[in-house]
Amino acid sequence: MMKKLTWFALLFGVCCSVQAETIFDFETEGEAPRVSNKDWQLGMTNRFATSGERSLAFYCASWKEGMPRWPSFNLLPKITDWSAYDRLVIDLINLDEGGDFLGTFIAEKEGRIQNGLSASTVLPGRGYFQWVIPLKNWPKTADPKQVARLHLYASEPIHFQLHLDRITLLKRGEPLPQPNSPAIGRDLLPLMTETVRNALDQKVAFAAERAHLESYWQFREACSRIGMDTSKMSVGTASTMVKIRPRSQFTATPAKEVSIRLARNEREGIQLLVAPGDTDLAGVTVTATDLTREDGTVFPAAQVKCALTGYVYITNKPPYQVGYATPSPNAPAGYRREKRPPELGWWPDPILDYMDSTDIKGRDVQSFWIRVTCPENQLAGLYKGVLTVAAKNAPAVKVPFRIRVNGFAVPKKSPLPLAITFWPEVNPLANTPWQKEARELVNDPAFPINAWKPNRIAWGDFLADYYITMDSLYAKTRHQWDVLSHLKEQGRLGLFNLGYWSYFGNEENAEAKWRERELPQLKKNWEKAKSLGLTDHLYLYGCDEISKEYFPNIRKAVESLKEEFPGVPIFTTAYDHEFGVGTELGCMDWFTPLTPKFDPVKAAAARKEGRRVWWYICCGPHSPYANMFIENPAIEGRILMGAQTVRMRPDGFLYYQITIWNMARPISRGPFTDWNPRSWTTYHGDGSWTCMGPGGMPLATQRLENFRDGLEDYAYALELERRLKRCATPDSEWAKRARALLDVPQEVMVSMTDYTDDPDAVMRWRDAMADLIEQAKE
């Protein structure tokens, strides 16, 4: 293991020198403006310099209504042609608690400052770090050869006592500059804890990087204890319910063995993690052998896919916090969910099936997503094989691989009714360059919202692999009839919408106008569905999130639809939280509240009157309720579709969109991709559970994988419930244990807002259900 360098060694010349272009060092008056008022101050000081003797102090009072919302200033660089540089680096020392926003626009001399290249960060607490700004993806409104203004600003600051120093331009391949001023040791060390004083690498540690480096060395030491040559590479495992960020704190288990248990027809996975040793790794691959039972029966290697995890870069603070299960001794299961602001930077999301190898550099940790699909006719039992991690410049690491096949199957199509929109679209923010560009690309066949169409059968099969039917909640004319017929032949077709409908108006001749507006295309769709034998799969969704004052108008529309399309369930997310019991919408067949509004008692009352009550998520709810934003713990999707569905028993799940793609082209590189994580407005991943790869082909996300895995957990519960109903001895220990598991143990879920982050707790519950299913007689 590399010797740890102390802060003093780092500060006094151990680090190598760097040839770079420093554009501001704040050693002379005039490099920055001076501001001094009761709300914020800006000026040069002889404290906290990282280079030379002086730094720029930027202090803001805690923001309140009436104060400047965005304290800001301009720096005027002497170097105006930045086209040869790929990074801008700003040394920052924060004296306060952290969590505040710092943003920049890099702009030309004329025009709105917002036309420039933008970037932002969230300040870590009390310490030194370097803000590295990639100089790529310049907007069309900014010319990197004519930079005249570096605009820096805070946003509603709360804990903001910041020093800036040494702003540097770096060319490709140039390392980050290191502090070279005694002032940082004199001023900063008293702020730091003992942990921070010990750097783990040749960079000065700041909060996120320090945590990552600590994780890296702990992982490397753990792997060395089981005999790996960690000077070459370290290999470990992590659950698919955990997001492993490549340059942030992580937890992994040394890969002594990889084990997966699954039922026939099921898909289950695990992450294999690879980190370099003393040198970068080149051309890393993961492959599987055939696996065999003791009697020679083979589980084919072709059923094991080893794909690279891809990463998306989040630059902006979203309008939500994320929750984590935090130990709480007084809580029923020993934990409570606590909300935190999500971190910026690289996050895992797309699974890059089109890449079979990658280089791994520095202290990065790379996830390989190992997906196993169990054939429908695979014999139960334990199968043994090997996973091999190979690199062009390091000895291969071979890991024993075990697959246990359960003696039962999960269904080919979703065990829970689903209504989910697949229709690729963009969601540009108003008055942005992307809005203009998207309009120009609307007829371009390579534009992702068009590029999927030649591959629509492949997309239909891909979605069905995740229990989703190609469908649209909000249109009348988007049916892909060939895909639907194809899925019907496979036995994998779920529900789909005959067409969106709206309520009656209040104008004269409202019914006639409604019929003229709504019915012609619905009737065409009805006849087409009948001709293809698909009517058993239909529903009619409409009146999306409509409030109570329109209920009389909705009722008229429902009554007319029932006359025209007998037997087709009528479905809504209108805000009737009594679910038709004693309300004007008693004629509705299916109701769908947001998960926080789902009431099991009221749902039971509605079911007694013949209705069904589903639930849904969208841009809400936020934490502590489960959702599927990119920054949310991956386990939330699995808990929502599995444990919470088993406990609460909604009749179905609705989601408004899985293909908001704000991209001009498909993903073209990896694992650090150019895919835009922004989806609906300023959310990350809301309405976007899929990505597009080269050639317009589908790519799953880790969130989509956990969605399906949760439905498979639900399928286990339904199979256990089916066998419990057939049990001839309801007071037996087996039956008591089955009922306890179907109630969902508290270590997995206490309530809709208190649930575990521990993948082992979920797997113990799932495997216990599998054990009981296998013990029961058919």
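Predicted model: local features only at pLDDT ≥ 70, side-chain atom pairs only at ≥ 80, totals over all residues.

Reply: Residues are numbered from 1 along each chain as its sequence is written, and side-chain values use heavy atoms, with hydrogens and water left out.

Me: With which side chain does the side chain of Glu-564 make a polar contact?

Reply: Glu-564 belongs to helix 10, residues 551-564 (helices are DSSP runs of H or I of at least four residues, and strands are runs of E of at least two, numbered from the N terminus). Setting aside neighbours within four places in sequence, Glu-564 is in contact (heavy atoms within 4.5 Å) with Arg-515, Leu-519 and Lys-523. A polar contact is a pair of N or O atoms within 3.5 Å; within protein, one must be able to donate a hydrogen and the other to accept it, and residues adjacent in sequence count only if both atoms are side-chain atoms. At 2.9 Å, the polar partner of the Glu-564 side chain is Arg-515.

Me: Is Glu-636 buried or exposed?

Reply: Glu-636 is placed in helix 12, residues 635-648, and its side chain has a polar contact of 2.9 Å with that of Asn-632. Buried means under 20% relative accessible area, exposed over 50%, and partly exposed in between (1.4 Å probe, protein chains only). Because its relative accessibility is 0%, Glu-636 counts as buried.

Me: Which residue in strand 33 stands opposite Phe-571?

Reply: An open sheet of five strands has the order 30-31-32-33-34, with parallel pairing; two strands pair if DSSP finds at least two bridges between them. Strand 32 (residues 570-572) and strand 33 (residues 590-591) run parallel and are joined by two bridges. Opposite Phe-571 stands Trp-590.

Me: How many residues apart in sequence are the parts that Asp-589 and Lys-562 tie together?

Reply: The two side chains meet in a salt bridge of 3.1 Å, N to O (a side-chain nitrogen of Lys or Arg within 4 Å of a carboxyl oxygen of Asp or Glu). Asp-589 lies in the loop between strand 32 and strand 33 and Lys-562 in helix 10, so the pair ties together parts whose separation in sequence is 27 residues.

Me: How many salt bridges does the count come to?

Reply: One of them joins Asp-709 and Arg-708 at 3.2 Å, N to O. These two residues also belong to a network of salt bridges that includes Glu-705 and Arg-766. The count comes to 55.
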